[in-house]
Amino acid sequence: MSKILIYPNKILRKKSKKINKFNNKLKKIINNMFIIMYKYNGIGLSGIQINIKKSIFIIDILKKKNSKLIFINPKIIKKKKIIKSIEGCLSIPNKYIKIKRYKYLIIKSYNIKGKKNIFYTKNLLSICIQHEIDHINGKLIIDYKNEK
């Protein structure tokens, strides 16, 4: 099982590459990501946080049966209404930062079989998605430190 990379590991600043192959290897990566995320009591995890430099993240804010979400090659289509959130990160333990995020999102993504999905999200799910997309782009919560 992989370990979560901890800042200042330079890999966390890398931009992730798009996924083109939707196969059993990808399924194994995703299953491993959920195991790791639950082990560290997270609600979201991007591939780059475990040294998988692919455009993928997972979220499970409810931690209930059938509440797992997988986002492959995500792209925000629309965002609306700025709110403030206080966020932590598995890669930056014990650090919490106030961040401006969008309350509502429409996001395009692909599932494990390569089928396109459109998600309409709000509140915590929108915040988590933005946090994980930041990871895909090499951005961390500490980059928001000086925001008011």
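User: What makes R13 and D143 a salt bridge?

Analyst: In this predicted model, a nitrogen of one side chain and an oxygen of the other are 2.6 Å apart. A salt bridge is defined as a side-chain nitrogen of Lys or Arg within 4 Å of a carboxyl oxygen of Asp or Glu, so the pair of R13 and D143, at 2.6 Å, qualifies. Because the model is predicted, local features need pLDDT of at least 70 and side-chain atom pairs count only at pLDDT 80 or more, while totals for chains, interfaces and linings use all residues. Residues are numbered from 1 along each chain as its sequence is written, and side-chain values use heavy atoms, with hydrogens and water left out.

User: Which parts of the chain does that pair tie together?

Analyst: R13 sits in the segment before α1 and D143 in the segment after α2 (123-136), so parts 130 residues apart in sequence are tied together. Helices here are DSSP runs of H or I with at least four residues, strands are runs of E with at least two, and both are numbered from the N terminus.

User: Why is R13 called partly exposed?

Analyst: Buried means under 20% relative accessible area, exposed means over 50%, and partly exposed is in between (1.4 Å probe, protein chains only). R13 has 36%, so it counts as partly exposed. D143, at 37%, counts as partly exposed too.

User: How many salt bridges are there in the whole structure?

Analyst: A search finds 3. One of them joins the side chains of E87 and R101 at 2.8 Å, N to O. E87 belongs to strand β3 (residues 69-89) and R101 to strand β4, 14 residues apart. Another joins D134 and R101, whose closest N and O atoms are 2.9 Å apart. That pair links helix α2 with strand β4, across 33 residues. Through shared partners, E87, R101 and D134 form one network.

User: Are E87 and R101 buried or exposed, and how do you know?

Analyst: E87 has a relative accessible area of 4%, so it is buried. R101 has 3%, so it is buried as well.

User: What makes a set of residues a nonpolar core, and which residues have the most contacts inside the largest one?

Analyst: A nonpolar core is a set of buried Ala, Val, Leu, Ile, Met, Phe, Trp, Tyr and Cys residues joined through side-chain atoms within 4.5 Å. The largest has 14 residues, and I30, M33, L45, I56 and I58 have the most contacts inside it. Its largest share, 7 residues, comes from α1. Leaving aside neighbours within four places in sequence, I58 is in contact (heavy atoms within 4.5 Å) with residues including I30, M33, F34 and L69. A second, separate core of 11 residues includes F57, I59, C128 and I136.

User: Why is β5 said to pair with β4?

Analyst: Two strands pair if DSSP finds at least two bridges between them. Strand β4 (residues 92-110) and β5 have 7 bridges in the antiparallel sense, so they pair. Y110 stands opposite K116 in β5.

User: Why is Y120 called exposed?

Analyst: Y120 has a relative accessible area of 64%, so it is exposed. This residue is found in strand β5.
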